[in-house]
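Okay, thanks for making time, everyone.

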Amino acid sequence: MKHNELIRRRTFGIISHPDAGKTTLTEKLLLFGGAIHIAGAVKSNKITKTATSDFMEIEKQRGISVATSVMGFEYDGYKINILDTPGHKDFAEDTYRTLTAVDSVILVIDCAKGVEEQTRKLMDVCRMRSTPVIVFINKMDREGRDPFSLLDELEKELGIHTRPLTWPIGIGASFQGVYNLYAKQLQLFSPNKTRISHDIVKIDDLASPLLEAHINTSSAVKLREDVAMIEGVYEPFDEEHYRGAYLAPVFFGSAINNFGVKELLDTFVRIAPSPQPRVTSVRTVEPEEDAFSGFVFKIHANLDPRHRDRIAFCRVCSGKFERNKYYRHTRLEKEVRFATPTSFMANEKSIIDEAWPGDVVGLYDNGIFKIGDTLTEGEQFFFKGIPRFSPEIFRQLVNKNPFKAKQLDKGIHELSDEGVAQLFLQQQGNVKIVGTVGEMQFEVIKFRLLHEYNAECELQPMNIYKAFWFTSTNQEQLEKFHSLQNYHIAYDKDDFPVFLAEGTWSFNAAREMFPDIKFHLTSEFKNDEDIIQSIQQWGKRI
Ligand SMILES: Nc1nc2c(ncn2[C@@H]2O[C@H](COP(=O)(O)OP(=O)(O)OP(=O)(O)O)[C@@H](O)[C@H]2O)c(=O)[nH]1
Ligand SMILES: [Mg+2]
């Protein structure tokens, strides 16, 4: 039972540069699972129903994804969990965190644009973690680039080998379909927005005149040439190379027309890895272990405007999660129990009794969770690899309506728990500094504060270059640094002190003057027990 549940699970993220078609592809994949019946056209003015995975008000208005959404469905005996990520760089932190919770990814490329800025950055993260990648080259119904040159670019720019598993016939106005190089099938293209298409012709021998019966002569000649070239240049596809993150199989299609998506899905379920081991502060946890463990990679308040709940998204890493059972919250060192854990189907939720490794469980959160928190059956450890990065832009949060100060305070604390932004406090919390990696995050914050908390605010620019967490075992230097830099020190949400440097010069000066102080640009150091202890002692003294 346990073994079956494990091997049939596939948990993956869809990633790309903005607008390549992730949400559209997610929706089409859901169609195959029977999870939804009609896909809402994304960003279409005519159809008001928006994509199932873009459910936040702000996403509906803009037609872009600003946060990861999680959706599960059953297909052909497999349990698939999709994590649709936002492409925009301002929300990249959300995407990076999501990548800690998946076992593989599908990378979407726009055939006209090829490799773009975010594609590179996201692939860097995948390479760092050796996450297996499948590439889907999308929008083949539009004029785009030559497929061979696209593959060359992927190899050169992303540092990964590629191997096409389907091959396009024509592109844009002349796009006629794809040839499946392994199943030896021709799939003919017909624009078809909502149903699953069945126009498949089996052609075992490309030399056969049967080909000309379905596509025009010049396309047939070209396809024969292309396929001969592919067989000559590329090694046969090797699944192990894919799972070792060395080789990316490539599919061509058009998500919006639901074309090439089934080939992708059928291959994906067959070759993609089932739930993989995860590294903790103490040891590696294997999914086959009996004892449950999992970690929170995302928190979202007010998912459903009718119920103002806060939901923590927990990835199950080992054992079996059960409703109403006591688990250990290792940061709080406390036993906790969940009476209403939920599964995800975009904005629909249903209560579940159990979940297996690879699954994402929604846990009702009355303020006990932070991103990165670990749950176990008693063992004391933390899952690694979910750091927070120092923000790029800083603004001071100023209340615009004195009667709503409480709401504003609650709102900004909750949003920063979610990781929408980072909050730093000065003067016992009277000065609130919001740090983000991009302008658009401020827009989301303002919008959500107003719509979800009824609080109005202004976000005033500040002269801060970077926020550095700092630690030291030299108490004397710490004390001196604190008194000297009083105005430039704030506290993060966990009460860890940060140095708000105005420029590289002030940072360099501080480093020279206080050689025993370590400055950190990510919060990864917080997993280090020694440092935490030294900070806790220090914290009590100030
Ligand atoms: N012509 C064409 N347009 C497509 C195709 N797939 C998606 N689109 C369009 O591309 C636009 C972006 O699609 P989305 O699915 O929202 O892209 P996304 O990658 O989720 O975008 P972000 O989440 O904001 O990064 C929409 O207008 C889609 O209708 C396709 O196969 N062909
Ligand atoms: Mg999207």
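So, let's start at L425. Skipping neighbours within four places in sequence, L425 is in contact with H413, V431, K432, A490 and Y491, where contact means heavy atoms within 4.5 Å. L425 is found in strand β25, residues 422-426; helices here are DSSP runs of H or I with at least four residues, strands are E runs of at least two, and both are numbered from the N terminus. There's also V498, which is 73 residues away from L425 in sequence but 9.7 Å away in space, C-alpha to C-alpha.

Before I go on, the housekeeping. This is a predicted model, so local features need pLDDT of at least 70 and side-chain atom pairs count only at pLDDT 80 or more, while totals for chains, interfaces and linings use all residues. Residues are numbered from 1 along each chain as its sequence is written, chains are lettered from A and ligands numbered from 1 in the order in which they are written, and side-chain values use heavy atoms, with hydrogens and water left out.

Now the overall picture. The protein has 15 helices and 31 strands. Of its 542 residues, 58% are buried, and buried means under 20% relative accessible area, with exposed over 50% and partly exposed in between, using a 1.4 Å probe and protein chains only. If you take the contacts with a separation of 6 or more, 71% are between residues 24 or more positions apart.

What about the cores? A nonpolar core is a set of buried Ala, Val, Leu, Ile, Met, Phe, Trp, Tyr and Cys residues joined through side-chain atoms within 4.5 Å. The largest one has 61 residues, and the members touching the most others are V133, V135, I137, L186 and L223. Helix α6, residues 147-158, gives the most to this core, with 5 residues. Apart from that core there's another, of 29 residues, including I14, Y75, L264 and V269. As background, nonpolar side chains tend to be buried together in soluble globular proteins. Going back to V135, and again leaving aside neighbours within four places, its contacts are L107, I109, L154, A248, P249, V250 and F251.

Just after α2, G34 takes a positive phi of about 70°.

Strand β28, residues 466-471, has 6 of its 6 residues buried. K466, F468 and F470 point one way, and A467, W469 and T471 the other. On pairing, which takes at least two DSSP bridges between two strands, β28 runs antiparallel to β30, residues 497-501, over 4 bridges, with A467 opposite L500. β28 is also antiparallel to β31, residues 518-520, over 3 bridges, and there T471 stands opposite K518.

The work is done on a 1 Å grid over the protein atoms alone: a cavity is a set of points where a 1.4 Å probe fits but cannot get out, a pocket is an open set with protein on both sides within 12 Å along at least five of seven lines, and lining residues have an atom within 4 Å of a point. Points are joined across faces, edges and corners, and a volume is the space filled by probe spheres set on the points.

How many cavities of 30 Å³ or more are there? The count comes to 5. The largest is about 160 Å³, and of its 17 lining residues V66, A67, D94, G419 and V420 lie nearest the centre. The second largest pocket is about 920 Å³. Its lining has 39 residues, with T100, V125, M128, R129 and G385 closest to the centre, and α4 (92-99), α5 (117-129) and β12 (278-279) each supply at least two.

S130 isn't a glycine, yet its phi is positive, near 55°. S130 sits in the loop between α5 and β5, residues 133-138, and is partly exposed at 44% relative accessible area. A245, also not a glycine, has a positive phi of about 65°. Buried or exposed, then, for A245? Buried, at 19% relative accessibility.
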